[in-house]
Amino acid sequence: MQRRPRRPESRRTRGVVLSSAVVVLLTGALAGCGGPVEIESHDLDDADRAACEAFVADLPETLADEERVDVEPDDALGAAYGDPAMVVTCGVPTPEGFDLTAQCQVANGVGWYIPNEVLDDPDADATLSAAGNRPVVEVFVPGDGDRGDRAAAAIAELAPLVEEHLPLVTRCD
């Protein structure tokens, strides 16, 4: 059996293959962006669920100058803003490390618990919790160059809604 000599690839063929590879890579990368943000659900009693539903219904269309984005499931007890997304979730467990001696940042009258390790690393993701209110609401802010500004703006804007819908049970300041 005689082998046919292989034709050398033309530049055009290599260009098409390279272009196709780039399109596949970009399509894969873009598929992960811009989709709905998944918000975890937690078991709540009827009263806490009702409080969270009222809180979520009053969340704004923008938070810390970020536009609201789609979330999954549709009936999630929270909202997401921007890309990468800041995520507000109602009805979460009390954060680990929060107790009567915990220090909090107060924004517009609401105490927000921020773990010390987050305060020490401005580039880390941050989860801030209105841990003294029931049910507990948290704000996840991705670590990036302006995390501190976004977090401060978010908790200041959310404070009136927390006071309106989520009763204070433990002072945090």
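## Salt bridges

Glu 61 forms a salt bridge with Arg 68, with 4.0 Å between the closest N and O atoms; a salt bridge here is a side-chain nitrogen of Lys or Arg within 4 Å of a carboxyl oxygen of Asp or Glu. Glu 61 has 54% relative accessibility and therefore counts as exposed, while Arg 68, at 28%, counts as partly exposed. These classes rest on relative accessible area: buried is under 20%, exposed is over 50%, and partly exposed is in between (1.4 Å probe, protein chains only). The model is a predicted one, in which local features need pLDDT of at least 70, side-chain atom pairs count only at pLDDT 80 or more, and totals for chains, interfaces and linings use all residues. Residues are numbered from 1 along each chain as its sequence is written, and side-chain values use heavy atoms, with hydrogens and water left out.

A search of the whole structure finds two salt bridges. Glu 66 forms one with Arg 150, the closest N and O atoms being 3.7 Å apart. This pair links distant parts of the chain, since Glu 66 is in strand E3 and Arg 150 in helix H4, 84 residues apart. Helices (H or I, at least four residues) and strands (E, at least two) are DSSP runs, numbered from the N terminus. Side chains of opposite charge can pair when their charged atoms come close.

Arg 150 belongs to helix H4, which covers residues 147–165. Its relative accessibility is 5%, so Arg 150 counts as buried, whereas Glu 66, at 23%, counts as partly exposed. A polar atom of the Arg 150 side chain lies 3.3 Å from the backbone oxygen of Pro 84. Leaving aside neighbours within four places in sequence, the residues in contact with Arg 150 (heavy atoms within 4.5 Å) include Ala 64, Tyr 81, Met 86 and Asp 144.

## Helix H2

Helix H2 (residues 46–57) has twelve residues and reaches 16 Å from its first C-alpha to its last, close to the 16 Å expected at 1.5 Å a residue; the expected span is 1.5 Å times one less than the number of residues. At the start of H2, the backbone nitrogen of Ala 47 has a side-chain oxygen of Asp 45 within 3.2 Å.

Within H2, the residues Ala 51, Cys 52, Phe 55 and Val 56 are buried. They cover an arc of only 130 degrees around the axis, and so lie on the same side of H2; the arc is taken from the directions from the helix axis to the C-beta atoms. Asp 46, Ala 47 and Ala 57 are exposed on the other side of H2. The cover over the buried residues includes strands E3, E5, E6 and E10, together with H4.

## Nonpolar cores

The largest nonpolar core has 32 residues, and those with the most contacts inside it are Phe 55, Leu 59, Val 88, Trp 112 and Val 137. A nonpolar core is a set of buried Ala, Val, Leu, Ile, Met, Phe, Trp, Tyr and Cys residues joined through side-chain atoms within 4.5 Å. H4 gives the most to this core, with seven residues.

Apart from it lies another core of seven residues, among them Val 37, Val 71, Ala 76 and Val 87. Ala 76 lies in the loop between strands E4 and E5, and at 6% relative accessibility it counts as buried.

Notes: A polar contact is a pair of N or O atoms within 3.5 Å; within protein, one must be able to donate a hydrogen and the other to accept it, and residues adjacent in sequence count only if both atoms are side-chain atoms.
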